[in-house]
Amino acid sequence: GIPSAGWAARRAEWLLADRVLRRLDRFVHVHAAVVAGDRRSLLVVGPSGRGKSTTAAALALAGLTLYADDVALICPDTLRPVAFPRPVKLNAASR
């Protein structure tokens with residue numbers, strides 16, 4: 001059948017993200033959340049469904065800035081994360 005509007009939006013988001021990431025090939029792509037304070041940033045790395053977004057959202061509520069909850073790019077020269085912003089996705093139990 002015909003895919004739902006939600007499916008089409010997720011597919012379009014993925015295609016756009018894939019294109020952008022291919023152009024940013026000098027960066028290392030990491031499946032991670034990125035939060036930061038005034039002087040440091042933190043990468044929360046792990047497989048899907050392990051709580052990266054939930055942890056990052058909790059850290060943001062505690063005062064850190066949430067930059068990304070799914071995709072981060074690491075600059076190989078400085079080892080600093082570069083956020084790849086996308087909408088935060090929390091499952092129903094985490095909300």
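Which strands do the buried residues of helix 2 pack against? They pack against strand 1 (28-36), strand 2 (41-45) and strand 3 (65-68), where contact means heavy atoms within 4.5 Å. Helices (H or I, at least four residues) and strands (E, at least two) are DSSP runs, numbered from the N terminus. Before going on, please note that this is a predicted model, in which local features need pLDDT of at least 70, side-chain atom pairs count only at pLDDT 80 or more, and totals for chains, interfaces and linings use all residues. Residues are numbered from 1 along each chain as its sequence is written, and side-chain values use heavy atoms, with hydrogens and water left out.

Now look at helix 2 itself, residues 52-61, whose buried residues are K52, S53, A56 and A57. Because they cover an arc of only 125 degrees around the axis, they lie on the same side of helix 2; the arc is that of the directions from the helix axis to the C-beta atoms. Buried means under 20% relative accessible area, exposed over 50%, and partly exposed in between (1.4 Å probe, protein chains only). After helix 2 comes G63, with a positive phi near 120 degrees.

D69 sits in the loop between strand 3 and strand 4, and D69 counts as buried because its relative accessibility is 4%.

Finally, visit L79, in the loop between strand 4 (71-74) and strand 5 (81-83). L79 is not a glycine, yet its phi is positive, about 65 degrees. With 65% relative accessibility, L79 counts as exposed.
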